[in-house]
Amino acid sequence: MGEQKSMYGVDDREVRERRRALRRHRQHRHRRRILISALAMLEAACMIIGGGFYASSIRSSAGSGFKYYTSVTIEYGETLWSLADAYIDYENYRDKNSYISEVRSINHLDEDGSLMAGQVLIMPYYSEEYVK
């Protein structure tokens, strides 16, 4: 038996091979799209779960209440230690040094901690009240 030619003069076997190749290519593309979609969903799930763990660790380390900031005008004779006594919350800071370190960082103060009357500082504090 001779080769059967289609109406376009192409061997039927070549046509079938070409169709199979196209079908394999489409299946490969479809599988790849499914794999990419699955990986994207897995990544999103990991980010959500990781974010949840991160947020819960922040909440647990932050103690109770909401953190706020207030400005304080320094009076003559006031020190960082005396201001810390007024604003520190020991549930959120392990000691006075850690609180003062944060105050220095927020206000860009150097280590000597000298204050001048009339100087304005930003002081962090915690409150149970939620203020919008």
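Please note that the model is a predicted one.

I begin with helix H2, which spans residues 80–87. Which of its residues are buried? They are Leu80, Leu83 and Ala84. These residues lie on the same side of H2, because they cover an arc of only 105° around the axis.

I turn now to charged side chains. Side chains of opposite charge can pair when their charged atoms come close. How many salt bridges does a search of the whole structure find? The search finds 4, and I shall describe some of them.

Let us take Glu102 and Lys67, whose side chains meet in a salt bridge at 2.6 Å, N to O. Glu102 belongs to helix H3 and Lys67 to strand E1, so this pair ties together parts that are 35 residues apart in sequence. Glu102 counts as buried, at 18% relative accessibility, whereas Lys67 is partly exposed at 33%.

Another salt bridge joins Arg20 to Glu17, with the closest N and O atoms 2.4 Å apart. Both residues lie in helix H1, which covers residues 12–62, and they are 3 residues apart, about one turn of the helix. Arg20 is partly exposed, with a relative accessible area of 33%, and Glu17 is likewise partly exposed, at 41%.

Finally, the side chains of Glu111 and Arg104 form a salt bridge at 3.5 Å, N to O.

How values were computed: Residues numbered from 1 in each chain as written. Predicted model: local features only at pLDDT ≥ 70, side-chain atom pairs only at ≥ 80, totals over all residues. Heavy atoms only, no water. Buried < 20%, exposed > 50% of the residue type's maximum accessible area, 1.4 Å probe, protein only. Helix = DSSP H or I, 4+ residues; strand = E, 2+ residues; numbered from the N terminus. Arc of directions from axis to C-beta.
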